[in-house]
Amino acid sequence: MPDVDPLTEAARQRIGRMARLFERLLTQVAAANELTAGDWAALSALQRTGAPHEASPTALSQQLGITSGTMSVRLNRLSRAGLIESVAAADGRSKPVRLTPHGQERWRTATQARTRQEQQLFTEALSVEELNELNVLLSRLLGRLEDEFGTASRHDVPKDA
């Protein structure tokens, strides 16, 4: 295509391919820990709330960008697995959910496995200096994209989240 800059297109294509491969890695690690990527996203969202690691289903569905029906199905599955529990609401209207100790441990185990694999991939491909340089370049590109299109979530939200 005559109007497409090949350097820009190559960089964009590589970034997209890497994003899809990191998504695949996350999905595989989730499955190895008896989770879906969406389950992991919900557990991660609860973990990020800080102690006591609880939130309303509405807040979780908004944070993850999913419908209340999808969130309800996900929370039912996580509850049956003993990873979350319902708690009494202060206002009597909503029914928050909270990570159980088992849920926190499952999340921690899966997250440690994912980050170990990611670190291994990076250190096998890049030196520390190259990784620092890559982070500087990606930060600059991300800043420009966010200036143009708005801030992106600081946390991964899998496609099936």
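This is a predicted model: local features need pLDDT of at least 70, side-chain atom pairs count only at pLDDT 80 or more; totals for chains, interfaces and linings use all residues.
Residues are numbered from 1 along each chain as its sequence is written, and side-chain values use heavy atoms, with hydrogens and water left out.

Let us begin with the whole chain. The protein chain has six helices and three strands, and, read along the sequence, these elements follow the pattern α-α-β-α-α-β-β-α-α. Taken along the principal axes, the C-alpha atoms of the protein chain fill a box of roughly 60 × 35 × 25 Å. Of the 161 residues of the chain, 28% count as buried, where buried means under 20% relative accessible area, exposed means over 50%, and partly exposed lies in between (1.4 Å probe, protein chains only). If contact is taken to mean heavy atoms within 4.5 Å, then residues 24 or more positions apart account for 54% of the contacts in the protein chain with a separation of 6 or more.

The peptide bond from A51 to P52 is cis, with omega near 10°, and H53, which lies in the loop between α2 and β1, has a phi near 60°, a positive value in a residue other than glycine. A second residue of this kind is E34, which has a positive phi of about 55° although it is not a glycine, and which is found in the loop between α1 and α2. These details deserve a careful look because most residues other than glycine have a negative phi, and most peptide bonds are trans. Are H53 and E34 buried or exposed? H53 is buried, with a relative accessible area of 12%, whereas E34, at 66% relative accessibility, counts as exposed.

Q104 is itself buried, with a relative accessible area of 19%, and, leaving aside its neighbours within four places in sequence, Q104 is in contact with Q47, H53 and L99.

How do two of the helices meet? Helix α2 (residues 37-48) and helix α4 (residues 68-80) pack at an angle of about 85°, with their axes 10 Å apart, where axes are lines fitted to C-alpha atoms, for helices over the stretch in contact, and angles run from 0 to 180 degrees between N-to-C directions. That makes α2 roughly perpendicular to α4, since angles under 35 degrees count as roughly parallel, over 145 as roughly antiparallel, 65 to 115 as roughly perpendicular and the rest as oblique. In this contact, G38, D39, A42 and L43 in α2 meet M71, R74, R77 and L78 in α4.

One of these residues, D39, is buried, with a relative accessible area of 3%. The side chain of D39 makes a polar contact with the side chain of R77 (2.7 Å), and, once neighbours within four places in sequence are left aside, D39 is in contact with R74, R77 and L78. Helix α4 also holds L75, which is buried at a relative accessible area of 7%. Not counting residues up to four places away in sequence, L75 touches P57, L60, I84 and V97.

Finally, the structure holds one aromatic pair. The rings of F22 and F122 have their centres 5.9 Å apart and their planes at 15°, so the pair is stacked; rings of Phe, Tyr and Trp (its six-membered ring) pair if their centres lie within 6.5 Å, and planes under 30 degrees apart count as stacked, over 60 as edge-to-face and the rest as tilted. The pair links distant parts of the chain, with F22 in helix α1 (residues 6-32) and F122 in helix α5 (residues 101-125), 100 residues apart. F22 counts as partly exposed at 30% relative accessibility, and F122 counts as partly exposed at 28%.

Methods
Helices (H or I, at least four residues) and strands (E, at least two) are DSSP runs, numbered from the N terminus. A polar contact is a pair of N or O atoms within 3.5 Å; within protein, one must be able to donate a hydrogen and the other to accept it, and residues adjacent in sequence count only if both atoms are side-chain atoms.
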